[in-house]
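Reader: I would like to learn how to read helix packing and nonpolar cores in a model. Could you take me through them step by step?

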Amino acid sequence: MNDQDFLASRRTLLRSGAFLSLGFLASCGTPKVAPSGNGSDQTDATLGYVNDLRNQKGLKPLARDPAAARAALSQADRMAKAGKMAHMIGMGDSFLDRMKGQGVALPAAENIAMGQDNAEKAYAAWYRSPKHLENMLGPTYSGLGVAVMRNPTSGNQPYWAMVLSTA
């Protein structure tokens, strides 16, 4: 093989590698992980309670936000999988990154709860908590998503998440 053939082969190899690398990078992104437990979207079951409260305070009602509902299901799943009620789970966890990754319109807020049997009881727990109540009454929010998740690894305890968005 002469120098010219060697250089042509090398260029072809480098181009092929570049295209493979671009293809790999294009496939990367925020992974969509299927829920690991038994969960459900509870937005419709909770929306009436939150909107009654907001109406009493002269605030605009919230609407179902599919992105907020996905983010709530994801957070409830994370908590159920970890077996703990926490906004941040694991090293490098970021609320902002989680919301952006789920397509939630910002600013956003998150309420969490654990142990309630149904949406009414979860709402009541949030209502009794000053910070969670403040989130539900946030005048800039227009979207809502609520979910519950149970996981056998954490004793099937119900973990709840509510995401309020500006959608």
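This is a predicted model: local features need pLDDT of at least 70, side-chain atom pairs count only at pLDDT 80 or more; totals for chains, interfaces and linings use all residues.

Reader: At what angle do helix α3 and helix α4 pack, and how far apart are their axes?

Author: Helix α3, residues 66–82, packs against helix α4, residues 95–102, at an angle of about 130 degrees, and their axes lie 9 Å apart. Because angles from 65 to 115 degrees count as roughly perpendicular and those over 145 as roughly antiparallel, this angle makes α3 oblique to α4. The crossing of the two helices, α3 and α4, is right-handed.

Reader: Which residues make the contact between α3 and α4?

Author: From α3 the contact takes Ala-67, Arg-70, Ala-71, Ser-74, Gln-75 and Arg-78, while α4 brings Arg-98, Met-99 and Gln-102. Sorted by class, the contact of α3 with α4 is made of three nonpolar, three polar and three charged residues.

Reader: How many residues has the largest nonpolar core, and which of them have the most contacts inside it?

Author: The largest nonpolar core has 19 residues, and Trp-126, Leu-144, Trp-160 and Met-162 are those with the most contacts inside it. At least two residues of this core come from each of α2, β3, α5, β4 and β5, and α5 gives the most, with four residues.

Reader: What does Trp-126 touch, leaving aside residues up to four places away in sequence?

Author: Not counting those, Trp-126 touches Asn-111, Ile-112, Ala-113, His-132, Leu-133, Met-136, Val-146, Trp-160, Ala-161 and Met-162. There is also a second, separate core of 18 residues, which includes Ala-80, Ala-86, Val-104 and Val-163.

Terms used
Residues are numbered from 1 along each chain as its sequence is written. Side-chain values use heavy atoms; hydrogens and water are left out. Axes are lines fitted to C-alpha atoms, for helices over the stretch in contact, and angles run from 0 to 180 degrees between N-to-C directions. Angles under 35 degrees count as roughly parallel, over 145 as roughly antiparallel, 65 to 115 as roughly perpendicular and the rest as oblique. A crossing is left-handed if the near helix is turned anticlockwise from the far one by less than a right angle, and right-handed if clockwise. Contact means heavy atoms within 4.5 Å. Ala, Val, Leu, Ile, Met, Phe, Trp, Tyr, Cys and Pro count as nonpolar, Asp, Glu, Lys and Arg as charged, and the others, Gly among them, as polar. A nonpolar core is a set of buried Ala, Val, Leu, Ile, Met, Phe, Trp, Tyr and Cys residues joined through side-chain atoms within 4.5 Å. Buried means under 20% relative accessible area, exposed over 50%, partly exposed in between (1.4 Å probe, protein chains only).
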